[in-house]
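Please load the model in your viewer and keep a selection panel at hand. The tour below moves from one selection to the next and says what is to be found at each stop.

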Amino acid sequence: MQEFVNILNGYIWSPYLIYLCLGAGLFFSIITRFVQVRHFREMWRLLLSGKSSDKGISSFQALAVSLSGRVGTGNIAGVAAAIGFGGPGAVFWMWVVAFFGAATAYIESTNAQIFKEEEDGVYRGGPAYYIEKAMGQKWYAWIFAISTIVACGLLLPVVQSNGIGDSLVNVFGTGGTINTVLGDLPLTKVYAAVFVVLLLGFIIFGGVKRIANFAQVVVPFMALAYIIIACTMIALHIDMLPSILGMIISDAFTPMAGFGAAIGWGVKRGVYSNEAGQGTGPHAAAAAEVDHPAQQGLVQAFSVYIDTLFVCSATAFMILITQSYNVLPEGSTEFIVQNLSADVVISGPAFTQFAVDSVLPGVGKPFIALALFFFAFTTVLAYYFIAENNVSYINRTLKTPALKFLLKVALMSAVFYGTVAEPSAAWGMGDVGVGLMAWLNIIGIIIIFFMSKPAIKALKDYEAQQKAGVKKYTFDPEKLGIKNADLWKDKL
């Protein structure tokens, strides 16, 4: 199974996907005249404004839901893996993919708002919806929907829960082992798996509002606590920061692990972390109650900054400043850099735990385990929300209510397996899910751009109203030549 997953990833994560992610981000940055820079202040204003309704969640709740998907294991274990396999220069390429990816996030999230629908009293939308309505290719939308259900319902949750199990073993040890059909499993991981699955079941059977309410409280609190710890560590070693920045930038172009490794791991883990272009963020964006689609596009673009430029950078600085990392090129047996024991798992949270523990002995490992629990758990909730959206999409045709129940059971099973699985197996499955969605979504939004440019038309309309100083923004899709945006047309 592991060999099959590795072969599959070899095809999915070929250099072509790396070029596609970077190229799409650069293209949309130029087309939008770098919307991620020009409207930075407007992003802040929108983030703090807006209210929820019976049908939709607020802009802040939508940001929290999407951040709960973006801020997860990738910010702690993913950054460590990027450094461990690609060298410090991989961090630079994570920054690059985040900066350009913010424009991609604007495009996909605005599309989701334009073509969202109302179902059972709530807003739903995402790539499957805008692919069908803007591209007019229902078969392609179905392929994306099914791929997303598999990715977010089965593959990606495995990575998140694996980080929880691994971090707890680093704190408490294995606690002994138990023989199961999955082999000999550490009891610590088994107990963690049972607890996480029970808590997950309680929340996902409560619906999207419960997910949003949980996420808007937990995500900002844990992200803030994590940033405070990181800033404290950086402040204590502020004299080292210039040399660390210099090492990241120099290694990005003359990488110790090879140029392909630095870019490849930086982009791969960058996309995994911030999810720009992957097609996950648009689902939360579509659920928001806003006056104009561009508003949620701007908010979601800002979430990429929070994820990578804030949280991922914090992790990278902690690891590099304390030299709590090894560099072992993938497929090699010889370390380029070895600061930790050779048996420390690279594809896991250990680097980050060692980093914090080196400054706060006895506190670092449990704190990172706690942070990782909340980051990973809320990410799993976001994955359920996304998978459920796509089940709703295909259920418009199949009309099989039992599919949502089956999704819940499948997700809970995947989370249990992920918590007790080996990191290499878990990350391999996650990479398949991320890559598959990224291929389908990025190609889709590029085709939609050349067909009708809905997100660009929305941006120009928003900027025109902004310039005119309107008190309340409105959106008329027919006036802009945007077809099949029925919900917005009915709101006029």
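Begin by selecting Y140, which is found in helix α9 (residues 138-172); helices here are DSSP runs of H or I with at least four residues, strands are runs of E with at least two, and both are numbered from the N terminus. This is a predicted model, in which local features need pLDDT of at least 70 and side-chain atom pairs count only at pLDDT 80 or more, whereas totals for chains, interfaces and linings use all residues. Residues are numbered from 1 along each chain as its sequence is written, and side-chain values use heavy atoms, with hydrogens and water left out.

Is Y140 buried or exposed? Y140 is buried, with a relative accessible area of 10%, where buried means under 20% relative accessible area, exposed means over 50%, and partly exposed lies in between (1.4 Å probe, protein chains only). If you display its surroundings, leaving out residues up to four places away in sequence, Y140 touches I131, M135, W439, L440, I443 and G444; contact here means heavy atoms within 4.5 Å. Of these, G444 is 304 residues from Y140 in sequence, yet the two are 8.6 Å apart in space, C-alpha to C-alpha.

Next, select E463, whose place is in helix α20 (residues 454-468). E463 counts as buried, at 14% relative accessibility. Apart from neighbours within four places in sequence, E463 is in contact with R33, R38 and H39.

Now move to strand β3 (residues 177-180) and strand β4 (residues 183-186), which pair in the antiparallel sense over four bridges; two strands pair if DSSP finds at least two bridges between them. The two strands form a hairpin with two residues between them, and T177 stands opposite P186 in β4.

Buried residues in α10 include L187, V190, A193, V197, L200 and I204.

Colour L241, I244, I248, D251 and A252, which are buried in α12. Seen down the axis of α12, the buried residues fall within an arc of 110 degrees, so they line one face of the helix; the arc is that of the directions from the helix axis to the C-beta atoms.

Then select the cysteines. With a disulfide taken as a pair of cysteine sulfur atoms within 2.5 Å, the count comes to zero. C21 is in no disulfide, and the nearest cysteine sulfur, that of C312, is 15 Å away; C21 is buried, with a relative accessible area of 8%. C231 is in no disulfide either, the nearest cysteine sulfur being that of C312 at 14 Å, and C231 is partly exposed, with a relative accessible area of 46%.

Finally, zoom out to the protein chain, which has 21 helices and six strands. Its radius of gyration is 21 Å, close to the 23 Å that the globule rule gives for 492 residues, so the chain is as compact as a globular protein of that length; the radius is taken over C-alpha atoms, and the rule is 2.2 Å times the number of residues to the power 0.38. Along its principal axes the C-alpha trace spans about 65 × 50 × 40 Å, and 63% of the 492 residues count as buried.
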